[in-house]
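Open the model in your viewer and keep the selection tool at hand. The stops below say what to select next and what is there.

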Amino acid sequence: MDNRSFQAMRTEFVPLNGIRRTGRRHAAYGSFTGSARRLLKNAGLFFGAILAIVSLAACSTDNGAALDTSVAAPLSIPALLDPTYDGAGVAHYDLKLGESRHDYRQTALTDTYSYNGMSVLGPTLRLRTGDSVVISVTNELDEVTTAHWHGADVPAEDDGGPHSLIEPGATWIADFEVIQPAATLWYHPHVHGSTAEQVYRGAAGLIIIGDDNSAAATLPSTYGVDDIPVIIQDREFTEDGQLDFAIDDDGRGKLYSTLTVNGTINPFVDVPEGLVRLRLLNGSQARIYNLSVEGADMTMIASDGGYLASPVALRQLVLAPGDRAEIVVNVFMESAALVDRSLGRVLELRPNGAASGTGLLPDKLATIERIPESEITVDRSFDMDEERRSRQSGTRWTINGAEFDMSRIDFEVRLGDTERWTLTGDEGQHVFHPHQTQFQILSINGEPPPPEESGWEDSVLVNDEREVVIVARFNTYAAEDTPYMFHCHILDHEDLGMMGQFLIIDE
Ligand code: C2O
Ligand code: CU
Ligand code: CU
């Protein structure tokens, strides 16, 4: 986002309680969605005054009482970060990670991490297939960080793994070509041992890759209007309104009790009637969501790596940490809601009376060529295991019996090879995520995958009752000096050592 559009967003922001706060803590999210804005515009001074009095009485900020989060609040929409193209046609983006404060309607503003002066999270990076991209990332935190493009097929030195540290005050530059099709990816820090905490504090953002897919041209695609980013994270607050963070070193990863979507607790979003696209990202530390839609139909159109071959009608959608799914919901007259089986309502969709530009889904979304098994030349297996030792030495979090070691390369792949990997896990849940490549699922417990898992994936749920076999091509970049990571995306497990690294050798 260039400075000007960021300024524009700042001035558009009017806090609901009518008090314009200064400082960057509220500069963040673009604008409130339709109804809140209309409300503010049309209701006039009288209503505004009442609103101000009501909210002063229950002021969230400095006098110690929390606002009632059981009242739905307008969903924050992260600002869009479009590139600036230089004379050579290269797309430039700037990210700055720093400390911020966010209004979670707790007893005080909450200290957070964010990019580009937002109050939490980061802007949505809009990339285009075929573009050459330069992203500069400045670290304004007091601790070291990295910037990893989760799901992106990029050279290892631009991948932002634990070897690409950005010291406080330093700027790191990633440059790569966008060689993959349209997809919803995300970015987040990847420092070994502090990934979970930095993501939890708010260091994460969406990436939307666009391409010339003509079927997709008929899908809802107006960002923040009928194409809604939905970053789902669970969090927990202390009595003084601050984030409560913990690593669970003895089980399934830390689960928190409060759902947030794009940083909003109990959100609603105003949407036109007709088809509405939700770009779901599970950016949580460890929680696996079991999602459904009440009051409307849910159709999945894209998995981690891009469009599915055809739309898939679904009742339930399991979204593990790191996973993305794009769904389309047909909203009519009545409110609909995205709900999680254990935490309840995630996001309410309120029809605002306008008509969405799109009414029918195309039958076919993309051509997904199945990678032929005859192409496979190498087999490997990965067992994610939690080994309980004595009380004193605690649990070891391993893949194939080994804990992460920055100085050990676990295996080498030959550039151009196609490999079949068998993924297993012990009791508990794991999410296998290799960097660099989008893979296909060959089987789950020996059966072909269901249609919603038959597209491109970069993260897959594995447990002792779910053995997954995947196939991946390594035919884009050699990585002979800097390794790519593979790990469990339950961030507690990752930080505790359930991670390894591989090189890609061009022979
Ligand atoms: Cu979300 Cu190693 O990444
Ligand atoms: Cu990743
Ligand atoms: Cu795990």
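Start by selecting Asp-227, Arg-277, Arg-279 and Glu-326, which are linked in a network of salt bridges. Keep in mind that the model is a predicted one. Across the structure there are 23 salt bridges, and three further pairs follow below.

Next, select Arg-126 and Asp-82. Their side chains form a salt bridge, with 2.8 Å from N to O. This pair links distant parts of the chain: Arg-126 belongs to strand β6 (residues 124-128), while Asp-82 sits in the loop between β2 (80-81) and β3 (84-85), 44 residues apart. Arg-126 counts as partly exposed because its relative accessibility is 33%, a value between the limits of 20% and 50%. Asp-82, with a relative accessible area of 34%, is also partly exposed.

Move on to Arg-420 and Asp-379. Here the side chains meet in a salt bridge at 2.7 Å, N to O. Arg-420 lies in strand β26 (residues 418-425) and Asp-379 in strand β23 (residues 378-388), so the bridge ties together parts that are 41 residues apart in sequence. Arg-420 has 22% relative accessibility and counts as partly exposed; Asp-379 is partly exposed at 47%.

Now select Asp-417 and Arg-414, whose side chains meet in a salt bridge of 3.4 Å, N to O. Is Asp-417 buried or exposed? Asp-417 is buried, because its relative accessible area is 9% and the cut-off for buried is under 20%.

For the surface, select Glu-157, Glu-412, Glu-480, Asp-481 and Asp-506. Together these residues form a negative surface patch.

The last stop is the copper ion, ligand 2. Which residues are its protein donors? They are His-148 and His-433, each through NE2, lying 2.0 Å from the ion. The two histidines come from distant parts of the chain, 285 residues apart: select strand β8 (residues 148-150) to find His-148, and strand β27 (residues 429-434) to find His-433. Both His-148 and His-433 are buried.

Note on methods:
Residues are numbered from 1 along each chain as its sequence is written. Chains are lettered from A and ligands numbered from 1 in the order in which they are written. This is a predicted model: local features need pLDDT of at least 70, side-chain atom pairs count only at pLDDT 80 or more; totals for chains, interfaces and linings use all residues. Side-chain values use heavy atoms; hydrogens and water are left out. Donors are N, O and S atoms within 2.8 Å of the metal (3.2 Å for Na, K and Ca); water is not among the atoms, so sites may look incomplete. Helices (H or I, at least four residues) and strands (E, at least two) are DSSP runs, numbered from the N terminus. Buried means under 20% relative accessible area, exposed over 50%, partly exposed in between (1.4 Å probe, protein chains only). Patches are made of residues with over 30% relative accessible area and no salt bridge: like charges are joined within 9 Å, nonpolar side chains (Val, Leu, Ile, Met, Phe, Trp, Tyr) within 5 Å. Accessible areas come from the Shrake-Rupley method with a 1.4 Å probe; for residues, only the protein chains shown count as cover. A salt bridge is a side-chain nitrogen of Lys or Arg within 4 Å of a carboxyl oxygen of Asp or Glu. Lys and Arg count as positive and Asp and Glu as negative; His and the chain ends are not counted. The place of a charge is taken as NZ of Lys, CZ of Arg, CG of Asp or CD of Glu.
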